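Here are a few notes to read alongside the model. Have it open while you go through them.

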Amino acid sequence: MATTPLTAAYTTLITVAQLQALQQSSPQQVMVFDCSFDLSKSAAGAEQFARAHIAGAVYANLDKDLSAPHGALSHGQTIAATDLGEPASGGRHPLPSRERFAVWLSQVGFRNDMQAVVYDRNGVNYAGRLWWMLKWAGHDAVAVLDGGLQAWQAAGGAVEAGEAVSHFQSNFELRPALRTLKTAAQVQQALGTPQTIIDARAPARYRGEVEPLDPVAGHIPGALNRPFTTNIAADGRFKPAAELRAEFDTLLAGHDPQTVVHQCGSGVSALPNLIAMEIAGYAPTALFAGSWSEWCSDPSRPVEKG
């Protein structure tokens, strides 16, 4: 079926009022995704969705929908997959192939002519993953609901409980990637060059003082630290663009923004930093999706502490 481009796409953030207006004016051209999750209890996100979600939203499960299937580990801790291509990254939450991702989008009825709106109830910790993956699939019309479910409910937005509404299957077509994915090999090869790595983990994990999830503590040599929570204001929304710009300018201090590669523990919480840089007016930057969990799986890779 032929598709027509959106007349006015949202590509970074969307407010509650803007989403409500879009749902009223073009209900067939917008799909809302709830990405709520809990790393300590993988079933929690689906349970939260079942209790309350934006009316009409589809649930996107980090483990099942936004990561490659977990199976036997091959060399370098990459999950071995046989159908629809190998995972696109390693680590604890390996990216699925673009082809596998496109199949899932088609199964939930998402089309190339639609506006995607992603949210969670976790400070954008998980919604950013789907935002980036859609850009990676070549789909620019995707925006984060600023403030998440909390902002929606505070404004009196319609919510519902139970299962997601079913949609007719579509045929989502992959387009050239709009964001850059870096592999562990590429990051390692660029060590000592102007590459600028931004690590989104908590300071104690970055310094190597604690490591609750991965076998080795520390960080990639030369990485800068900016915890992903730094981007969110007290009201649960992203800080203003000018404030984010000033903070990143201070963090980068002489580093070329075009050389930035974002990482975290498993490629998920790095995304609020990446999105915040775009809100601040920087050009799109790269993501090392395998992140620390993939990096430290190879003992030959250098590690820095402190």
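1. Two strands count as paired if DSSP finds at least two bridges between them. Strand β11 (residues 260-263) and strand β12 (residues 286-288) run parallel and are joined by 2 bridges. Look for Val261, which stands opposite Ala286 in β12. Helices (H or I, at least four residues) and strands (E, at least two) are DSSP runs, numbered from the N terminus.

2. A word on the source: this is a predicted model, where local features need pLDDT of at least 70, side-chain atom pairs count only at pLDDT 80 or more, and totals for chains, interfaces and linings use all residues. Residues are numbered from 1 along each chain as its sequence is written, and side-chain values use heavy atoms, with hydrogens and water left out.

3. The open sheet has 5 strands in the order β8-β12-β11-β9-β10, with parallel pairing. β8 (181-182) and β10 (224-225) are at the edges with a single partner strand each, so one side of each has no neighbour in the sheet.

4. What does α9 lie across? The answer is β9 (196-199), β11 and β12, with α9 running at about 145° to β11. Axes are lines fitted to C-alpha atoms, for helices over the stretch in contact, and angles run from 0 to 180 degrees between N-to-C directions.

5. Helix α4 (residues 127-136) also meets helix α9 (residues 271-279): their axes come within 8 Å and cross at roughly 60°. The contact (heavy atoms within 4.5 Å) involves Gly128, Arg129, Trp131 and Trp132 of α4 with Leu271, Leu274, Ile275 and Glu278 of α9.

6. In α8, Ala241, Leu244, Phe248 and Leu252 meet Asn273, Ala276, Met277 and Ile279 of α9.
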